[in-house]
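Here is a friendly briefing to read alongside the model. Keep the structure open and find each residue as you go.

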Amino acid sequence: MKTLKNSNNQSDEDLVKAIVKNNDTLLFEILYDRYSRLVFNKCYGFAKDEDEAKDLTQDVFLKLFVKLASFKGTSKFSTWLYAFTYNHCVNYVTRNTAKKFEKQSVDYADLENLPDVEDESSFLDMKVEKLQLALELISPDEKMILLLKYQDFLSIKDIGNVLDIGESAVKMRVKRAKDKLVNVYNENFN
Amino acid sequence: MENPFKYINQPLREVPPELKAKVMHDIAMAKLLMDLAALFSYNIGNVIDSVIKSRNK
C-alpha cells in the first residue's frame with residue numbers, strides 16, 4: 001500500500017517508466033485516474049455521442065498500455081498523450097474516407113515566408129457555439145492541429161515533436177487550417 | 001476578447017464510472033497476452049547481453 005501511495009505522488013514520466021518496466025496494471029490504474037477525464041473529453045469532441053466517446057476512450061487506453069514503451073520522454077507526457085488521443089480519434093473518424101491518402105506535403109514556395117501562427121486575432125470575435133460547428137465542417141486533421149495549438153496551447157516545437165514533422169510543416173498546417181476555419185466560419189455564420 | 005477555443009467542449013464531462021472496469025479488464029487481457037508472448041519468444045537483447053557477460057568471465 002505504501003508503494004502505491006508513493007506512486008500517487010510520482011511525476012507522470014516516472015510513473016510511465018515504472019509501468020513500462022513490468023507492464024504494471026496497478027500503476028496503470030493511477031495513470032487512468034489522472035487522465036481519464038481529459039481523454040474522455042477529447043474523444044467526445046470527435047465522437048457523435050457518449051457511447052462512441054466511451055468506445056474511443058476504451059480503445060485509447062488499451063492502445064496506450066500496449067504502446068506506452070514508445071513514449072521516449074522528449075516531451076511532457078500530457079503533451080504526448082494529447083497527440084496520441086487525437087491521432088486515434090482522427091484515424092477513427094477518417095477510417096472510411098479516401099482522404100487518408102491525400103497529399104500532406106508542404107509546398108516549398110510557401111516556406112519562403114512562414115506565417116505568424118501565434119496571431120489569434122482572426123478568430124477572437126468568433127462565437128463559441130458557432131466555432132464548434134465550424135470545426136465540424138473542416139477535416140479532422142485540421143481540427144486536430146488547431147485544437148493542439150489553440151486549446152491545449154502546445155508550442156510549435158512540441159506539436160512537431162509529437163506528430164513527428166518539422167516545425168515549418170507545423171506552421172504551414174496551422175496556417176492552412178486556420179485560413180480554412182475562418183473561411184468556413186464566414187461562409188456559414190456571417 | 002478572449003480566445004474562444006478555451007470554451008469549446010466546456011464544461012468538462014464526467015467519465016462514466018463503469019468505463020474504468022472495462023478499461024482495466026482490457027488492460028489485464030493485454031498484459032496476459034504480452035506476458036505470454038514474452039514467455040514463448042526469445043528476448044534477443046537479453047540473450048546477447050548474457051552471452052557477452054558470461055564470455056567476459
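A:Asn23 is buried, at a relative accessible area of 17% (buried means under 20%, exposed over 50% and partly exposed in between, using a 1.4 Å probe and protein chains only). This is a predicted model, in which local features need pLDDT of at least 70 and side-chain atom pairs count only at pLDDT 80 or more, while totals for chains, interfaces and linings use all residues. Residues are numbered from 1 along each chain as its sequence is written, chains are lettered from A and ligands numbered from 1 in the order in which they are written, and side-chain values use heavy atoms, leaving out hydrogens and water.

**Positive phi in loops**

- A:Asn23 has a phi near 50°, a positive value in a residue other than glycine.
- You will find A:Asn23 in the loop between helix H2 (12-22) and H3 of chain A; helices here are DSSP runs of H or I with at least four residues, numbered from the N terminus.
- A:Asp164 is not a glycine either, and its phi is positive at about 65°.
- The loop between helix H9 (156-163) and helix H10 (167-189) of chain A holds A:Asp164, which is exposed with a relative accessible area of 69%.

**Salt bridges**

- There are 12 salt bridges over all chains, each a side-chain nitrogen of Lys or Arg within 4 Å of a carboxyl oxygen of Asp or Glu.
- B:Lys20 and A:Glu29 form one, with their closest N and O atoms 3.3 Å apart.
- B:Lys20 lies in helix H1 of chain B and A:Glu29 in helix H3 of chain A, so this pair joins two chains.
- A:Glu29, A:Asp33 and B:Lys20 are linked in a network of salt bridges.
- A:Lys180 and A:Glu142 also meet in a salt bridge, at 3.0 Å from N to O.
- This pair links distant parts of the chain, with A:Lys180 in helix H10 and A:Glu142 in helix H8 (residues 140-151) of chain A, 38 residues apart.
- A:Lys180 is partly exposed at 32% relative accessibility, whereas A:Glu142 is buried at 18%.
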